[in-house]
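The following exercises are set for a reader meeting this structure for the first time. Each task is followed by a solution in steps.

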Amino acid sequence: MDTVIYSTHKFEKEYLLKANSSKHNLRLLDVPLTSETAYLAKGATSVSIFVNDDASAPVLEKLSEAGIGFLVLRSAGYNHVNLEKAKQLGFRIARVPAYSPYAVAEHAVALMLALNRKLIRANNRVHELNFSLDGLTGFDMHGKTVGIIGTGQIGAVVARILYGFDCIILATDHIENEMLKEKYGIIYTDYERLYKESDIITLHVPLTPATRYMISKESISKMKPGVMLINTSRGALINTKDVIEGLKNRQIGYLGIDVYEEESGLFFEDHSEDVLQDDTISRLLTFNNVLITSHQAFLTNTALDNIAFTTIHNLDCFESSSKCENEL
Ligand code: NAD
């Protein structure tokens with residue numbers, strides 16, 4: 001199948017080529033899919049996109065005009081795709097539903113530990129030959145209460161890791177995971193209690209109209225003063241401006257984010273020669289209790305292997321017109 005791979009990053013190229021082993025004709029482009037770049041797909045039959053590509057209605061129309069019938073997402077999340085429009089235009093769409101919940105869960109816990117034990121500051125200090133410990137005091141994870149919002153694949157792994165730290169784990173989800181309750185003592189509760197009692201809150205729900213800005217001025221005011229907030233899910237779960245206010249008045253004691261609501265066009269790229277235009281992230285970068293990674297929670301060799309193999313498998317299914325278990 002002739003496929004244009006948008007937003008091909010250096011880190012994933014070898015994995016895609018290995019998984020493909022010359023089966024499909026892959027055109028690897030480093031540009032993102034936008035209404036300006038959609039024409040590049042002309043002549044192909046399918047397109048593959050990553051998390052920050054634009055698959056809104058006007059872009060899908062352009063892809064359809066260019067003759068594209070298949071959309072293969074190299075991600076689990078599909079909040080960047082206008083599914084209704086895609087269905088109307090007759091696209092078949094497949095995603096990578098699970099490539100490694102461990103990768104993302106372990107990164108969420110890495111953010112917690114690095115923030116708690118101030119590892120980045122400590123490392124910077126030591127490299128300047130400053131071996132003082134002042135200002136580096138952390139807290140025992142043991143016995144702390146962690147609120148997990150969303151106990152799907154990733155949230156469930158986070159719960160299991162934190163069980164190992166002897167944390168008290170509160171959770172919210174539409175669906176209660178019986179195994180987590182029975183084996184790991186997870187307590188499902190409502191948002192009120194989770195916000196009130198949690199020392200750490202970590203987000204693992206998808207971005208939907210119901211979850212957009214779930215962390216806002218109102219929810220922040222219900223949290224324990226000094227709470228640690230972790231987001232490895234999607235940036236717009238958090239109202240960043242409200243979180244900045246929370247950091248300023250110390251209601252939020254620590255913030256660890258791998259995703260940012262305006263990350264598109266910023267994350268995944270080297271902007272070290274540019275003048276930063278985004279005043280919100282500039283402000284976030286001034287806090288020493290904020291840790292930001294640029295959407296790298298998934299970035300392990302296991303996950304990259306799985307993303308590449310599932311993406312090629314999805315193309316195989318579409319080429320043979322067979323049913324695809326990963327189809328949306
Ligand atoms: P999942 O579908 O397995 O789990 C999501 C859970 O959220 C489900 O249990 C669902 O019932 C629950 N949920 C949905 N809406 C809810 C609501 N309004 N209130 C309470 N619970 C709700 O998904 P997953 O694989 O665990 O991934 C979670 C999210 O992580 C993805 O949607 C994606 O946005 C993000 N993600 C980020 C990265 C990264 O690199 N940072 C990588 C993969 C996934």
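**Exercise 1.** Determine how many bridges join strand β10 to strand β11, and identify partners across the pair.

*Solution.* Strand β10 covers residues 227-231 and strand β11 covers residues 252-257; five bridges join them, and the two run parallel. Strands here are DSSP runs of type E with at least two residues, helices are runs of type H or I with at least four, and both are numbered from the N terminus. Two strands pair if DSSP finds at least two bridges between them. Next, take individual positions: valine 227 stands opposite isoleucine 252 in β11, and isoleucine 230 has glycine 256 of β11 as its bridge partner.

The model is a predicted one, in which local features need pLDDT of at least 70 and side-chain atom pairs count only at pLDDT 80 or more, while totals for chains, interfaces and linings use all residues. Residues are numbered from 1 along each chain as its sequence is written, and side-chain values use heavy atoms, with hydrogens and water left out.

**Exercise 2.** Describe the surroundings of arginine 193.

*Solution.* First, locate the residue: arginine 193 lies in helix α8 (residues 191-197). Second, classify it: its relative accessibility is 32%, so arginine 193 counts as partly exposed. Third, list its contacts (heavy atoms within 4.5 Å): leaving aside neighbours within four places in sequence, arginine 193 touches Leu170 and Ile187.

**Exercise 3.** Which radius of gyration would a compact globule of 328 residues have, and what does the chain show?

*Solution.* The radius is taken over C-alpha atoms, and the globule rule is 2.2 Å times the number of residues to the power 0.38. The rule gives a value near 20 Å, and the chain has 21 Å, which agrees. The C-alpha atoms fill a box of roughly 60 × 50 × 35 Å along the principal axes. Of the 328 residues, 51% count as buried. In total, the chain contains 12 helices and 12 strands.

Note on methods
Buried < 20%, exposed > 50% of the residue type's maximum accessible area, 1.4 Å probe, protein only.
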